[in-house]
Amino acid sequence: MAQSAAVEPTRRDFLYIATGAVGAVGLAAVVWPFIDQMNPDASALALASTEVDIGSIQTGESVTVKWRGKPVVIRNRTAEEVSAAKDAPLSELKDPIARNGNLPADAPATDANRAATGKENWFVMVNVCTHLGCIPLGQQGEYSGWFCPCHGSVYDTAGRIRKGPAPENMAIPVYSFLSDTKIKIG
Amino acid sequence: MAGHSTYNPQNPLLKWFEARLPIGGLIHSSFIVFPNPRNLNYWWTFGGILAFMLVAQIATGVVLVMHYTPHASLAFNSVEGIMRDVNYGWLLRYLHANGASMFFIAVYIHIFRGLYYGSYKNPREVLWVLGMIIFLLMMATGFMGYVLPWGQMSFWGATVITNLFSAIPLVGEKIVIWLWGGFSVDNATLNRFFSLHYLLPFMIAGVVILHIWALHIPGSNNPTGVSVKDKQDTLPFHPYFTVKDAFGLVCFLILYCWFVFYLPNYMGHADNYIEANPLVTPAHIVPEWYFLPFYAILRSIPSKLGGVICMFGAIAVLFAVPWLDTSKVRSANFRPLYRQFFWIFVAVAIGLGYLGSAPPEGGYVIASRILTVYYFFHFLVILPLLGLFEKPLPLPASITESVLGKGAAAVTAGAPSAPQTK
Ligand code: HEM
Ligand code: FES
């Protein structure tokens, strides 16, 4: 009798497992709201877009605007900065991907894919270091691009990572030109 | 926590209570008659000092909360209000801010004490791991507390540390946004850090109880590392160790007060008196001093994921020490080689701390790489091998013999008036 009970699952075994399974599902269902409450709330998700007048930005000047709590730099690059970025061979880049929100995810990191389409002097970028999130300083470092003071990442004039611990090029946000002097970020 | 109790209250009310909740007996057996090795030195007073500091942080923290506002646009000014307007607010805040530093000074001494005297070895492995859990919780608490005044270092420290998780492949980005509750460190982040900063010290208190419980099963280790063999090796906790601990604590408090009253901002950073600005990173970001050795390890690795793995690995390896050290002898006093490697390790840890505060360039980077390699070499190579090759010095036959010498031990063994019987 005892032996057959061990082999043959009883109705009691079934109830035991079924109760446990229902309990586990219920527990998971209760835990999820406690985890998900920490994700960005509706107000943070209401993806704000920002319009910026760029008419007054002279060659060699930048402005920084805040978008989604992060600084976005808009730079009117000098001819030397553009040619330095164009001349850099792709094989020298640590991160060969453009990281441009306006282009396909696998676009290569050429200067044309980083700058504004058809307006190579205009350069729009989320100015956040891809290492640990500091704000690199403009027109500094070995490539006269950006230099991050936190742990020494060096970016070129197209915001591409060249040296230091950062793994990726700085991100290009989604943006568009509303007119020649106005852009919309986001 | 210390076996059966000899507690016998005479007062009828206490008797009545004890029969229903025997807490008096628990305290009596744990902190009055508990037998401690008679040869404990002052390095053993830091446990009591740590318990005191936890209570001090909770007491000052609870009253700070009565005046602090956890909101990104109000937090900085509320802390300034504590400093300028609240009665004795400056004192309470300086006690809390410097208290955190003193807490870490004590915990580092306590940990190095354990490493020197082999207090992590059989049968105290669980005790050691519980201590490491406390250390982790303390680091989380200190980190989140530093964010609350919402100065520049608060903000950028929080940004850099939370971004560590973005190094995790695939889900890293999602985890960071989940931690932030937004797309950057902001009000949502401050609020949750405040909630957790209030919670974690009470979790620490819980683990401290387990830590003391685990301590009272084998009892304290001692400077010889030799186990207690009989009653004459020990003295009752009260008055011998209550008084010794109190004296150590008072000396420690003098140092604490010296910082609070004469150098209250020495261990902080001037940039934290500038309100958080998400658009400007300070020229030179440094975490609180107690994270610097780990920060140096993070920065020494020229890869993001690699740096994060090494930094967490540097803490993880401490958990494994009981199983990495193969020597049967506990105390470094009887391990001529380990004793030297121990002091080299202390120098390396302090050196890493110094490098963590230096700018991440040139010779500093090279030096941090060398010391980082040595840090891991100490735990992963030296500790396991040393136990196999080192020839330990002869151990004393007992704790009493180590204190009184060979002849005397034999005499007191038979003497009826051993101190603990008085
Ligand atoms: C393990 C114990 C604790 C540690 C290590 C700790 C650490 C810290 C640190 C480092 C700061 C930043 C100090 C500064 O620069 O201003 C801080 C701030 C603060 N802590 Fe704690 N804390 C602890 C317990 C608590 C508790 C239990 C509470 C509340 C009940 C609390 C409430 C606060 C508040 C309100 C602030 C912000 C005010 C200020 O910045 O001075 N803390 N804590
Ligand atoms: S955050 Fe820029 S180098 Fe680390």
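Two strands pair if DSSP finds at least two bridges between them; strands (E, at least two residues) and helices (H or I, at least four) are DSSP runs numbered from the N terminus. This is a predicted model, in which local features need pLDDT of at least 70, side-chain atom pairs count only at pLDDT 80 or more, and totals for chains, interfaces and linings use all residues. Side-chain values use heavy atoms, without hydrogens and water, residues are numbered from 1 along each chain, and chains are lettered from A and ligands numbered from 1 in the order written.

**Chain A**

Select residues 70-76, strand E3 of chain A, together with E4(A): 5 bridges join the two, and they run antiparallel. Within this pair, A:Val72 stands opposite A:Val126.

Now keep E4(A), residues 122-126.

**Ligand 1**

Select the residues with a heavy atom within 4 Å of ligand 1. There are 24, and B:Arg93, B:His96, B:Gly145, B:His197 and B:Tyr198 come nearest.

Show polar contacts (N or O pairs within 3.5 Å). The side chain of B:Arg93 has an N or O atom 2.8 Å from a ligand oxygen. Ligand nitrogen atoms lie 2.8 Å from a polar side-chain atom of B:His96 and 2.7 Å from one of B:His197.

Finally, colour chain B by element: H3 (46-65), H5 (89-117), H6 (125-147) and H9 (187-216) each give two or more residues to the shell. H3(B) has the largest share, 7 residues.

Technical notes
A polar contact is a pair of N or O atoms within 3.5 Å; within protein, one must be able to donate a hydrogen and the other to accept it, and residues adjacent in sequence count only if both atoms are side-chain atoms.
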